[in-house]
2 protein chains.
Amino acid sequence: MKLAELSTRSGVSIATIKYWIRAGILPAGVKRNATTADYTDRHLARLNLIHLLRDDLDTPIDEIRELTHLIDTHAPNTRIMEKSQCLALRLTHPPQNQDSSEHQRVRAISEQLGWPDVPSWAREELVVVLRRLGDKGLNVDNDYLLEHARAFAKVASHNVGYALTAREPDELAIQVIRGVRLSRDLENAISALAHTSHSLSR
Amino acid sequence: MKLAELSTRSGVSIATIKYWIRAGILPAGVKRNATTADYTDRHLARLNLIHLLRDDLDTPIDEIRELTHLIDTHAPNTRIMEKSQCLALRLTHPPQNQDSSEHQRVRAISEQLGWPDVPSWAREELVVVLRRLGDKGLNVDNDYLLEHARAFAKVASHNVGYALTAREPDELAIQVIRGVRLSRDLENAISALAHTSHSLSR
């Protein structure tokens, strides 16, 4: 399709599309001649992804570029999914190969659950939260972590399976971002209701 | 204590303290004479609460006032706790006494869990999230909701009990806000790790 059609179908203005191409987050169309280029459904999917990240999540262009770079360099799905998760949840602690007591705990729990022992943004986030809790003298026992991890394991397995039905990587990223946020909102709402209900029952 | 001491002990400038008094979120001190007023530990606790809401949560003054008004008019603990939870989680959907299919579902689940059937901000949040999921064709079954609700019920019961050890209402609000946010961060981190682990295991 031509640029004008891409703009109409995506609802993104031509000026914005050109800006995103210059910013390196949207591949240029294939030149047909000096003034015309061809765009495909891949461009449309990319525009949906950028739109989701920009408008719903306020993601800075530089971080969007980290994700689109993975997609455009054919990185494995697991890396695209992890980066999408990072952006959706704003995970900010890069994976560390450390051996703090919190790392050891998370490793021990992962082993019990049969989860891989690999540094990740999510693992680091859990380490940081456990450390913050410990600093406040609020210690969470392993049974608590295991019970919640088991509850989340089922939905995680389902969500990952669903995301992987995506036919191409931009759609995969979109499904992960949407799924992660909806799951999080749902969990937080259930938790909030549990707290309200217990406070009302006293 | 005098204003200067309140400022030193709280780390809040005299100008800011005076502004918060004018804004109606901090009670004035008890006048000793024309130029001096006395402040107590209650003022100190209030300053900690305002500080937490302003600096960590960016809560607008008007919303802080809704909470401090409840405290200053001796509202029941349950209302102080619910308002604190609302602010901590930024719940934005006021309780409705409606009978939508989502309300019916949440009611049915609450009944199974022995939770009170009362409109609340948290219940409305869950209703809205379920509706949003339904709109996207992502239907969550009741077993899922029940399993997660049961996992959260234990920690909710513990958290509510802990918050209620507070000796006075400003401290109660602080403990609820801190607890709600830490619990949420912990749950979200466990969920993120579950998702990463399942995506890596494929």
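**Pockets, cavities and contacts**

Analyst: Start with the lining of the largest pocket: 13 of its residues are nonpolar, 4 are polar and 17 are charged. Keep in mind that this is a predicted model.

User: What makes a residue count as part of the lining of the largest pocket, and how many residues line that pocket?

Analyst: A lining residue must have an atom within 4 Å of a pocket point. By that test, 34 residues line the largest pocket. Those nearest its centre are A:R181, A:R184, A:D185, A:N188 and B:R184. Arg and Asp count as charged and Asn as polar, so A:R181, A:R184, A:D185 and B:R184 fall in the charged class and A:N188 in the polar one.

User: Which elements give two or more residues to that lining?

Analyst: From chain A come α3 (41-56), α5 (77-89), α7 (121-135) and α9 (169-200). From chain B come α5 (77-89), α7 (121-135) and α9 (169-200). The top contributor is α9(A), with 7 residues. The space in the largest pocket is about 1,000 Å³.

User: Why is another space called a cavity and not a pocket?

Analyst: In a cavity a 1.4 Å probe fits but cannot get out, whereas a pocket is open. The structure holds 4 cavities of 30 Å³ or more. The largest cavity has about 90 Å³ of space.

User: What lines the largest cavity?

Analyst: Chain A supplies A:E187, A:N188, A:S191, A:A192 and A:H195. Chain B supplies B:Q85, B:L89, B:V180, B:S183, B:R184 and B:E187. The elements giving two or more residues are α9 of chain A, with α5 and α9 of chain B. Again α9(A) gives the most, here 5 residues. By class, the lining has 3 nonpolar, 5 polar and 3 charged residues.

User: What lines the second largest cavity, and how much space does that cavity hold?

Analyst: Its space is about 70 Å³. The lining takes A:Q85, A:L89, A:V180, A:S183 and A:R184 from chain A, and B:N188, B:S191, B:A192 and B:H195 from chain B. Here α9(B) has the largest share, 4 residues. The classes are 3 nonpolar, 5 polar and 1 charged.

User: How do you know that chain A and chain B are in contact?

Analyst: Contact means heavy atoms within 4.5 Å. The contact takes 61 residues from chain A and 61 residues from chain B. About 5,600 Å² is buried between the chains, and carbon and sulfur atoms give 73% of that area. On chain A, the three residues A:L182, A:L193 and A:H195 supply 11% of the area it buries against chain B, more than any other three.

User: Why is the pairing of A:R132 with B:D185 called a salt bridge?

Analyst: The cut-off is 4 Å, from a side-chain nitrogen of Lys or Arg to a carboxyl oxygen of Asp or Glu. The N to O distance for A:R132 and B:D185 is 3.0 Å, so the pair qualifies. Between chain A and chain B the count is 4 salt bridges. Over all chains it is 33.

User: Where does the name "HTH merR-type" come from?

Analyst: It comes from a UniProt annotation in an unreviewed entry, which gives this domain as residues 1-70 of chain A. In the model, that span is 61% helix and 6% strand, and its end C-alpha atoms lie 25 Å apart. Chain A as a whole has 9 helices and 2 strands, running α-α-β-β-α-α-α-α-α-α-α from the N terminus.

Conventions:
Residues are numbered from 1 along each chain as its sequence is written. Chains are lettered from A and ligands numbered from 1 in the order in which they are written. This is a predicted model: local features need pLDDT of at least 70, side-chain atom pairs count only at pLDDT 80 or more; totals for chains, interfaces and linings use all residues. Side-chain values use heavy atoms; hydrogens and water are left out. UniProt positions are given in the numbering used here, feature names are shortened, and annotations may be inferred rather than shown by experiment. On a 1 Å grid over the protein atoms alone, a cavity is a set of points where a 1.4 Å probe fits but cannot get out, and a pocket is an open set with protein on both sides within 12 Å along at least five of seven lines; lining residues have an atom within 4 Å of a point. Grid points are joined across faces, edges and corners, and a volume is the space filled by probe spheres set on the points. Buried area is the accessible area (1.4 Å probe) that two parts lose on being put together, summed over both.
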